[in-house]
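Below are my notes on the structure, as numbered points.

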Amino acid sequence: MTEPSIEPFVRAHLDGLIALVAAEGWTEYTEDAERTCRALSGRGVTTLVALAGERVVGAIQVQSDGVIQAHVSMLLIDRDWRGHQLGSRLLREGLERAGGLWLDIRTRTEGFYERLGASRSLGYRLTREALGLGDGP
């Protein structure tokens, strides 16, 4: 498998991203494509997609103040691409591009974040250091 590129979300990625969301059963993103597009590109939102050729195989949505706090709202990896470090790459790129000292994460997939070095709080927090990004933005 060729390593996917990670790029900022643009409208041309919408159908592929909605397909990823639909595969997870998240109907709030599939019911209204225009609303979804606005949510993925709103103020304070950084949305990135992982592309294998032209196919969207991963996505991350980070909401951030750009300085201190960042929150992962969505992290999706196509089932065929799981286990290939794509989630880790998207987390690093998401924090780097959105800005902030850490990523706060609420999830049901605890094992994945614990393997990355996340500390437990009311969810999980990944620091820049744990993601290998250094001290500050």
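1. On the surface, V67, I68 and L101 make up a nonpolar patch whose accessible area comes to about 230 Å² together. Patches are built from residues with over 30% relative accessible area and no salt bridge, joining like charges within 9 Å and nonpolar side chains (Val, Leu, Ile, Met, Phe, Trp, Tyr) within 5 Å. Accessible areas are Shrake-Rupley values with a 1.4 Å probe, and for residues only the protein chains shown count as cover.

2. On provenance: this is a predicted model, in which local features need pLDDT of at least 70 and side-chain atom pairs count only at pLDDT 80 or more, while totals for chains, interfaces and linings use all residues. Residues are numbered from 1 along each chain as its sequence is written, and side-chain values use heavy atoms, with hydrogens and water left out.

3. L101, one of the patch residues, sits in the loop between α4 and β5. Helices (H or I, at least four residues) and strands (E, at least two) are DSSP runs numbered from the N terminus. With a relative accessible area of 30%, L101 is partly exposed; buried means under 20%, exposed over 50%, and partly exposed in between (1.4 Å probe, protein chains only).

4. The whole structure contains 7 salt bridges, each defined as a side-chain nitrogen of Lys or Arg within 4 Å of a carboxyl oxygen of Asp or Glu. Side chains of opposite charge can pair when their charged atoms come close.

5. Which residue does R89 pair with? The partner is E3, and the closest N and O atoms are 3.3 Å apart. This pair links distant parts of the chain, since R89 is in helix α4 and E3 is in the segment before β1 (5–8), 86 residues apart. E3 counts as exposed, at 59% relative accessibility.

6. R11 and E34 form a salt bridge through their side chains (2.2 Å, N to O). R11 is in the loop between β1 and α1 (14–24) and E34 is in helix α3 (residues 33–40), so the bridge ties together parts that are 23 residues apart in sequence. R11 is partly exposed at 46% relative accessibility, and E34 is partly exposed at 41%.

7. E24 and R82 also meet in a salt bridge (2.6 Å, N to O). E24 belongs to helix α1 and R82 to the loop between β4 and α4, 58 residues apart. E24 is partly exposed at 30% relative accessible area, as is R82 at 37%. A network of salt bridges links E24, R79 and R82.

8. The largest nonpolar core has 20 residues, of which I60, V72, L75, L86, L90, L91 and L103 touch the most other members. A nonpolar core is a set of buried Ala, Val, Leu, Ile, Met, Phe, Trp, Tyr and Cys residues joined through side-chain atoms within 4.5 Å. At least two core residues come from each of β2 (45–52), β3 (55–64), β4 (69–77), α4 (86–98) and β5 (102–105). Helix α4 contributes the most, with 5 residues.

9. Beyond its neighbours within four places in sequence, I60 is in contact (heavy atoms within 4.5 Å) with T46, T47, L48, V72, M74, L75, L90 and L91. Apart from this core lies another, of 15 residues, including V21, L40, V49 and L76.

10. Leaving aside neighbours within four places in sequence, T36 is in contact with L14, I18, E28 and Y29.
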